[in-house]
Amino acid sequence: MSLVSDNRFLTGGGQAADLIRKMDWTDSPLGEPDTWPDALKTALNISLNSGFPIAIYWGKDFTLLYNDAYSSIPGDKHPWALGKKGSVAWDEIWHLIGHQFTAVLRHGESVREPNSMLPMKRHGYTEECYFDYTLSPVIDAHGKTLGVFNAVVETTYKVINERRNALLHKFSLQTSRYVNSRKASREVLSILSGERDDIPFALLYLRDPLTGEYRLTQAVNTTAFGFQYHWPFEDAAKSRGSLIVKDLDKKIPGICEIKWPEPCSEAVLLPVRLDSARIDGFLVAGVNPGKRVDNDYLQFLERLAGHVEITISQAALRENDIEIAELMQQREDELQFAVDAAELGTWDLEPESNKFAANTRLKSWFGVPSDEQVPLSMATDVIDEKDRARVLEAISHAMKFESGGLYEIEYTIRNPKNPEPRLVRAKGKALFNEKQQVIRFSGTLQDITIEHRTMSLLELANQRLEIALNAASLGSYDLDLRTGLMVCTPQCKQNFGRDPQKPFNYPDLMAAIRPEFRDDVKKRIETSIVNHSTYHAVYQVDTPEKATRWISAYGRPQYDEKGNATGMVGVTSDITSQKNSSEDLEKAYEQARLSKHAAQLGMFDVDYITNTLDWDVRCRELFGITHPMEVTLDRDFFPRLHEEDRERVRTAMEFSHDRDLSDGNYDIEYRTVSAEDGRVRWVRAKGRVFFNEKAVPLRFIGSVLEITDQKAIELRKNDFIGMVSHELKTPLTSLKAYIQLLNERAKKKEDSFELNALGKVDLQVNKMTNMINGFLNVARLESGKIHLITDSFSANNMIRELISDIEIIYTTHTIVFQPSPELTVKADREKIEQVIVNLVSNAVKYSPGGTVVDIHCRAEGDEAVITVKDEGMGIPKQDMEKMFTRFYRVENSRTKTISGFGIGLYLSAEIVKRHHGRIWVDSEKGKGSSFHFTIPLA
């Protein structure tokens, strides 16, 4: 018997079947449905009842028939395209695909095209689309090919997303390429010259610090018209975000060359911020005319602008570091050059021992031994008799505090080994401590026998050094690490707001530095001494006028012949103007400090570069640690965890340290056992792991809050909920039995009123039972009584079996499952089924009757991703982050009539979390919601 004797092949099949039933087929090449060939009926029946997008092209005209899942592919052409010839429905691409259909019909051979690009007009413009499709012959009982069976999956999002990610990856690889910010701003977009698919053209404008105007620094793939146009930067700056400019094809005809039916008509202005909250420029990115600017497109462009920001900012930082390093090296070279060029002798007298150290040149002049230190008398004995008393008096005077420590004199020396007199000029400076006691007396000695030449060289060296320091607004210092005394230039003292004429030593420096920076500065100095490296620190200081300044300091340790650090020389600069947001930062710091104190938060900081762990006082209290030593994970953290929580915490930490899985987020509750008195505390720890570009953890920072009291209240509440729920289940069980008995009686009496009333009562009892079971599960979950029993099973089989059960309950909606290739997962099957049932129940409750609930399952990496999608009211953006919070419900006029207590999603989220999975929602108000969660593959 034919399938079509009563048009049974058109029963069911959703909206597409209903449209086919209602269409007038009189003038169609197919004729009325009851005359259609059995092969067509069979193929169409399979298609209409499939959840996979399928179309049938019948006869030599390729008349188009398709199912519900396929209806999204023609877009705005649906349902007009139904019943049309293939060449009419797809007139814009038939020249690309028509020969394939003809080949299948003539030769009966199948065609497979993976990720084929077809420029389709389905939303009012020529859209760049990609499809994975097959064309198979539909053969009748006589072996004749009568039509084409077309199974198709749209891969547009996959192809374009992979292409965009590849481009972003190229940008990420060049973030550390440049060491010059000007070069970076002129070349950063060069990658786009060969990548026009998503950004047909691009221009980069940066703000001129002098005029405030935005000046073009680079243009890619555009004509002169592109950078002559006055872009609406002021409007974009006011919006503080991205701005879309439309109608470019009318405003700037021919802005770029692109092989597409429509011209490039849109561009996005994206703000560029370089090391500040201020907008420093804009990236103008042309939009592919084959794609609309949706959220995915906009996020891609914003990420690309972020790479531009990072590339230029890092280049500026490297440029600054190089300039400072070169300046310091230049200073050292120039000083050494000055000494060598002037053929100076240097000396350093220790007043306490009356011995002096000197360089080789000076010792050779005086003919004294090359020992490390020699008595002062050995040098003064060499001075010509006529000058000796005057020199001794000058030395004695300079070492008195009242003299200011200045020493300058010219005299003649006569080396016993070389009696030729040598005229020298001695210059020096005595340094004093706070008790006005001389602690150091050092200086230079110059052979001025040929004074003019030597003085010219020295003067030149001094001028070059002074120019370099003044140009960079740098102040230099020379710190004696043994005494804490500092020799500073006036500029150095002015940087700290000090009088250039007054002493400024290391204790004064530390007192000026704000307390919160002192330990860090000391640690950096100590590290540079140990590592023989350059010291650099940025910190805040308080001036005597109570003003706050930002200081950038560099220094290099000095060592004696035994390798002991004796001093530190370096430069400082006032960078307050570069830190124009310092007041806001200070307020934010103070607010954070007060908030931390009020909330009794403990803070921890793990630095994986230095391999150090820092706990504040409150954090130590929560773990009952009183020893003053540095804390460690193995000695102080893990042993102080409750034995029942220890492995769970280890797992949570490992999970947070995998950037791909967790994005660095860490949030967990656990118990600590005091090292001091064994006291058990409940705490909640939240933190964030920071990674380098290779996803290697660099730092782990977070806070710990004691929740012992809240946990006790919560446990008592859960016990109460569990007790009440158990007590309520007993009468409900009895009530259910009575309803069944009354129902049997009503059936015998055939009393329709009683049957209807009992059905409603039974429905309400079921709702109450489900609600009580939900509360019981929450109570068990939060008291730790729900445990996972994991096993390996087929995800597709589980979902199919689950749908066959729940379809009986949810008869108002069509539940469609789109399986993936076979996936084997490892999870607690019962708990995962509960999650899916909760999501399907919500999808049915919050979407109109007659709509479709789609269930998808796919593999991503080592996880299975399960999605439940509805066509309901959608979720406002402000509610999406709270959807998985206990007892939270979206409140509006449409949800007031929908029952529920907000525990289903919370319970689902906790179950997924215990599988080390993720759960999230994508939604748009009025356009439905998609709930996704992941579980591990076996």
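A word on the source. This is a predicted model, where local features need pLDDT of at least 70, side-chain atom pairs count only at pLDDT 80 or more, and totals for chains, interfaces and linings use all residues. Residues are numbered from 1 along each chain as its sequence is written, and side-chain values use heavy atoms, with hydrogens and water left out.

Back to the cysteines. Take Cys 264. Its closest cysteine sulfur belongs to Cys 256, 4.3 Å away, which is too far for a bond. Cys 264 is buried, at 4% relative accessible area. Buried means under 20%, exposed means over 50%, and partly exposed is in between (1.4 Å probe, protein chains only). Cys 857 is buried too, at 3%.

Now the whole chain. The protein chain has 28 helices and 33 strands. These are DSSP runs, numbered from the N terminus: helices are H or I with at least four residues, strands are E with at least two. Of the 938 residues, 44% are buried. The chain exposes about 50300 Å², and carbon and sulfur atoms supply 51% of that. Areas come from the Shrake-Rupley method with a 1.4 Å probe; for residues, only the protein chains shown count as cover.

α26 covers residues 829–845, which is 17 residues. From first C-alpha to last, α26 reaches 24 Å, close to the 24 Å expected at 1.5 Å a residue. The expected span is 1.5 Å times one less than the number of residues. Buried residues in α26 include Ile 832, Val 835 and Leu 839. At the start of α26, a side-chain oxygen of Asp 828 comes to within 3.2 Å of the backbone nitrogen of Glu 830.

Two loops to finish. Is Pro 232 buried, partly exposed or exposed? Partly exposed, at 23% relative accessibility. Pro 232 sits in the loop between α7 (224–228) and α8 (233–239). Setting aside residues up to four places away in sequence, Pro 232 touches Leu 243, Val 245 and Leu 269. Contact means heavy atoms within 4.5 Å.

Then Asn 433, in the loop between β15 (418–432) and β16 (438–447). Asn 433 is buried, at 18%. A polar atom of the Asn 433 side chain lies 2.9 Å from the backbone nitrogen of Gln 437. Beyond neighbours within four places in sequence, Asn 433 contacts Ile 439 and Leu 485.

Technical notes
A disulfide is a pair of cysteine sulfur atoms within 2.5 Å. A polar contact is a pair of N or O atoms within 3.5 Å; within protein, one must be able to donate a hydrogen and the other to accept it, and residues adjacent in sequence count only if both atoms are side-chain atoms.
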